[in-house]
Amino acid sequence: MMQPRPFIKLLRLQSAPVLQQLMLEERLLRASKENWCILNDGTQPPAIVMGISGKSHALLEVRRVVNDGIPVIKRFSGGGTVIVDAGTVFVTLICSKGAIPGLQHFPRPIMQWTEKFYFPVFKEITGFQLREHDYVFGQHKFGGNAQAIIKDRWLHHTSLLWDYQDSHMDYLKLPERAPSYRLGRSHKKFICRLMDHFPSRELFLDNIAKALEYHFSVQELAARDIDLSSSVEYLRSTKLVVGNELENLTEPSYELTAAMLVGDKHN
């Protein structure tokens with residue numbers, strides 16, 4: 001007898017600022033018991049996002065970042081450093097332990113399951129696979145991943161390169177710890193654009209939403225329908241850095257509200 005698919009709530013956003021997106025994700029991971037998928041089509045303004053243990057001096061061209069006023073965010077999850085903008089598509093899965101039958105509550109099994117999740121989206125493109133922590137076509141990366149796993153919940157978020165500006169790559173240093181298949185290649189020789197493989201961005205986004213239906217029973221909702229009034233206390237680790245404060249990371253001084261998710265596609 002086929003098991004019923006787990007229930008998941010889908011929130012589709014349009015160009016929501018990545019800081020607010022991350023704050024929402026952290027809240028839903030730590031203070032909700034429901035399964036969620038957040039699909040954010042682009043972000044403004046451009047920003048650099050580092051993993052929780054990232055060191056700016058080792059990962060960023062700090063002087064250039066400061067001079068150009070690029071905001072830097074330290075997210076609550078692990079993983080590498082990315083620069084995101086209007087050409088980035090974000091997909092985040094937040095699930096309770098046991099939501100996916102048979103899935104072990106550890107980083108690598110979750111990572112490997114996501115390769116299966118994305119297979120229907122990329123099956124027509126030669127060379128799609130998960131390599132170490134990245135989604136690639138052959139030798140070229142188009143998607144980076146990060147995770148946060150707590151006692152009874154897990155989060156897997158992905159930044160997908162629909163398009164990117166070559167000049168933005170100049171803000172990032174070649175990381176000391178890079179995947180072996182990178183072979184010392186520069187950012188521009190290592191990554192590729194999804195726009196070169198799909199007829200339209202809308203079709204690509206719809207294919208991701210459809211992939212959810214292979215594994216979940218999906219309810220799509222608007223940001224205004226999310227209850228942010230809960231008094232549940234939870235750890236807040238997402239940090240914003242501005243200008244010369246790159247070495248002095250501090251907690252954001254404001255609370256998340258639904259109105260801050262300006263990219264709600266239902267508006």
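How many of the 267 residues of the protein chain, as a percentage, count as buried? The figure is 52%, where buried means under 20% relative accessible area, exposed means over 50%, and partly exposed is in between (1.4 Å probe, protein chains only).

Before you click around: this is a predicted model, in which local features need pLDDT of at least 70 and side-chain atom pairs count only at pLDDT 80 or more, while totals for chains, interfaces and linings use all residues. Residues are numbered from 1 along each chain as its sequence is written, and side-chain values use heavy atoms, with hydrogens and water left out.

**Stop 1: the whole chain**

Now think about contacts, meaning heavy atoms within 4.5 Å. Among contacts between residues at least 6 apart in sequence, 77% join residues at least 24 apart.

**Stop 2: the largest core**

Select V89, F122, F142, L160, L194 and F204 and show their side chains. Those residues have the most contacts inside the largest nonpolar core, which has 37 residues. A nonpolar core here is a set of buried Ala, Val, Leu, Ile, Met, Phe, Trp, Tyr and Cys residues joined through side-chain atoms within 4.5 Å. Elements giving two or more residues to this core include strand 1 (7-14), strand 2 (36-41), strand 6 (88-96) and helix 6 (201-215). Helix 4 gives the most, with 7 residues. As background, nonpolar side chains tend to be buried together in soluble globular proteins.

Zoom in on F122. Leaving out residues up to four places away in sequence, F122 touches F128, F137, F142, L194, F198 and F204. Apart from this core lies another one, of 24 residues, with A16, W36, I38 and V84 among them.

**Stop 3: helix 4**

Next, select residues 107-122, which make up helix 4. Its 16 residues should span 22 Å at 1.5 Å a residue, and the end C-alpha atoms are 22 Å apart, so the two agree. The expected span is 1.5 Å times one less than the number of residues.

Which residues of helix 4 are buried? Colour P109, I110, M111, W113, T114, F117, Y118, V121 and F122 to see them. They pack against strand 6, strand 7, strand 8, strand 9 (140-149), strand 10 and helix 6.

**Stop 4**

Go to V136 in strand 8. V136 counts as buried because its relative accessibility is 0%. Beyond its neighbours within four places in sequence, V136 is in contact with G127, F128, Q129, R131, K141, F142 and Y181.

Now pick E132, in the loop between strand 7 and strand 8. Its phi is near 55°, a positive value in a residue other than glycine. At 31% relative accessibility, E132 is partly exposed.

**Stop 5**

L183 sits in the loop between strand 10 and helix 5 (187-190). Here too phi is positive in a residue other than glycine, near 60°. Is L183 buried or exposed? Its relative accessibility is 68%, so L183 counts as exposed.

Q165 is also found in the loop between strand 10 and helix 5.

P45 is in the loop between strand 2 and strand 3 (47-50).

**Stop 4: a pocket**

Finish with L28, A31, S32, I226 and D227, which lie nearest the centre of the second largest pocket, among its 10 lining residues. On a 1 Å grid over the protein atoms alone, a pocket is an open set of points with protein on both sides within 12 Å along at least five of seven lines, a cavity is a set where a 1.4 Å probe fits but cannot get out, and lining residues have an atom within 4 Å of a point. Helix 1 (residues 18-31) supplies the largest share of the lining, 3 residues.

Terms used
Helix = DSSP H or I, 4+ residues; strand = E, 2+ residues; numbered from the N terminus.
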